[in-house]
Amino acid sequence: MYHMELTSASRSHAIPSQPLIDRFPFPFKEDKYRYSNNSKALESPLVLDITPEYFEEVKSKRDILAKTHNRAYQALSHSMDGQWEILENIIEEMVEQHPGYFGLEKDGDIWTFYNYLLEEQQTFTLGDPSTLPYEPLDFIGRHVQEDLIYIGHRNGDLYMDAGQLCFPANWSIAFNLGMTYTEFHSPVPHYSDSGLAEKVRNFLLRMEAGKPWTRLNWTLTVDGVLPTFPEIFDEWGTKANEVTVENAGERVYLRVEDQKLFRLPRSYGILFGIHTHLISVEELCKKQEWAVRFCNVLEDLPDYMAEYKGFLSYKPYLVQYLKNSF
Amino acid sequence: MEEKKCELLRKEKIGHHIHKLEVKMDDAVLSKDCGKIRTIKWEGHVFEHPILYVRISKRRKKYYLFLDESKSECSLLRDRFPCSNFYLQEDEEYVPAYVPRNNDQKVISFIDEQSLFDTLPVIDLLLSKNIEQQIYAAGSLSDNKIKQYLNRQLQENVTYMTSFTSTHISSILSGQFIGTSLSITGTWPVVQELKKLAVSQGFTEEEIQCKGVGPKQKKVFCVKCYSINELKEDMNCPDCHADLDVSDHFSRRLEAYLGYIEIE
Ligand code: HEM
């Protein structure tokens, strides 16, 4: 029995707070960065990573979902089995790994889920969507920091069948819904024509249950905006014009997506989890070896990648800022 | 493309402007089960209006030709045709309204007045392959003669409707078994609408064949307000007035290209 009493005392289980610089997933292993299949076997097969930003980020997700639901949540009707499988997996992981934060009581198919951090509980019947306030994926996504995408595996191909996406790196799930893996990667420059997309797709098609993968993707974001939706590019995109050598440290953030891939044995789909971490360049420069490496990566980076990632215009100022820092 | 000689066996007027000819190829056969003829030539005459063909017997080299003479000012067909021998030249580019698949057991076709002509050879093709078919025809088929022809060919398997409503189409589609394919023809907007409905009812891309008539205007999805509009130069969304940077990123579900917000 996992159940713990829902008391306000439970809430004071503060999430241990380590300085960001000591836990930030710095993505560069060498002085050069190119697209490659940089997926690695995930050592501990866990979807969730609960950081001190939990409260702030979950609140931000829920605000976005309340105001602009179809921007942040989309699902095709045949994704329902996959959605339940994801909800079950995540809740099981929550109570096994974080019994101080979450609880579960089972009475056959009737589950009561407790979120002690947010002092919430929800009773529902497994497999019956009418017993939840939102679709299963949309429900469980409101209790985690990760964005959750469900990829269906049908007709020998991978399809974007559902997703809750509150912190996108400039892509739209409202547009991408229903696309194949190859189709939703088509904006990535030289990804398809180099043959890499095809290689990675074949690797994903063969992914096995119980052997998850992980990879880091990165870009830059001005002012540490998490919800960089293309839908509101006019609100955050103009900030790039304001970056100077003087303010680059404060205003430019390295944005790293910790992406995790899990084969779902029951629906035979794939869960793609994205945990987005942000660190200001100023903060990052506290580790000089990171500043040097980041600077070398940027200087070596082809323009087509800087253009796609959206920082070509201010790259010279950022490089100068980094050089001034060491 | 070479000219192939054939002999006329029978001729029937099946619509106000539509003739159905039964022909036997002399030497060379036509290349497909169902295709298009670019020209018919005989004794110095050339007939260039739409002509479709369907093979009815491979062994005996027999075909039906469908001719639409509605656009021909001089009624060559009525006056000088038939003579017993003439030459056919194929149009290789033509894509039939429907190409049967190996495992087809039943084909449901949605047609309208404009796509009716393209459907005629497909009806005979499916009959010859013993594939069950059901046709839904929208709009006023003004030509009574062709209606009689369809009724004769298909018995009760043709239904006339004033227009396709989504509830009615959904109820037709929802009760179908595996092995049923869809043939959707008509004007592009209607075809796209019907296809969306079919996909939402669980039909896969492989089970749906579409053929639109008229121009297929490129559509743009505005990422700001989600409206879909026709592509223009210097694209500005007619609904939310955002300046759009139209990309090559295409959604088959939405049948539209992604328009990103353009900023100064
Ligand atoms: C099935 C899981 C995956 C999903 C749902 C996914 C989805 C996406 C999406 C939506 C984009 C943005 C494209 C745009 O600009 O619209 C993207 C970018 C990208 N994806 Fe994936 N992806 C997946 C797996 C992978 C894997 C395994 C790789 C391994 C190489 C990969 C490599 C990339 C790269 C290199 C980019 C460009 C990122 C950048 O430069 O910022 N993806 N992906």
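**Briefing: chain A and its ligand**

Chain A holds 15 helices and 10 strands; helices (H or I, at least four residues) and strands (E, at least two) are DSSP runs, numbered from the N terminus. This is a predicted model, in which local features need pLDDT of at least 70, side-chain atom pairs count only at pLDDT 80 or more, and totals for chains, interfaces and linings use all residues. Residues are numbered from 1 along each chain as written, chains are lettered from A and ligands numbered from 1 in the order written, and side-chain values use heavy atoms, without hydrogens or water.

**Ligand shell**
- The ligand is surrounded by 22 residues, each with a heavy atom within 4 Å of it.
- Among the closest are Trp171(A), Tyr308(A) and Lys309(A).
- By class, 14 are nonpolar, six polar and two charged.
- Helix H9 (196-205), strand E8 (213-222) and helix H14 (303-309) of chain A each give at least two shell residues.
- E8(A) gives the largest share, three residues.

**Polar contacts to the ligand** (N or O pairs within 3.5 Å)
- A side-chain N or O atom of Tyr35(A) sits 2.4 Å from a ligand oxygen.
- His185(A) places a polar side-chain atom 2.8 Å from a ligand nitrogen.
- For Asn217(A), a side-chain N or O atom is 3.5 Å from a ligand oxygen.

**Chain A overall**
- Of its 326 residues, 55% are buried, meaning under 20% relative accessible area (1.4 Å probe, protein chains only).
- Take contacts (heavy atoms within 4.5 Å) between residues at least 6 apart in sequence: 72% join residues at least 24 apart.

Key:
A polar contact is a pair of N or O atoms within 3.5 Å; within protein, one must be able to donate a hydrogen and the other to accept it, and residues adjacent in sequence count only if both atoms are side-chain atoms. Ala, Val, Leu, Ile, Met, Phe, Trp, Tyr, Cys and Pro count as nonpolar, Asp, Glu, Lys and Arg as charged, and the others, Gly among them, as polar. Buried means under 20% relative accessible area, exposed over 50%, partly exposed in between (1.4 Å probe, protein chains only).
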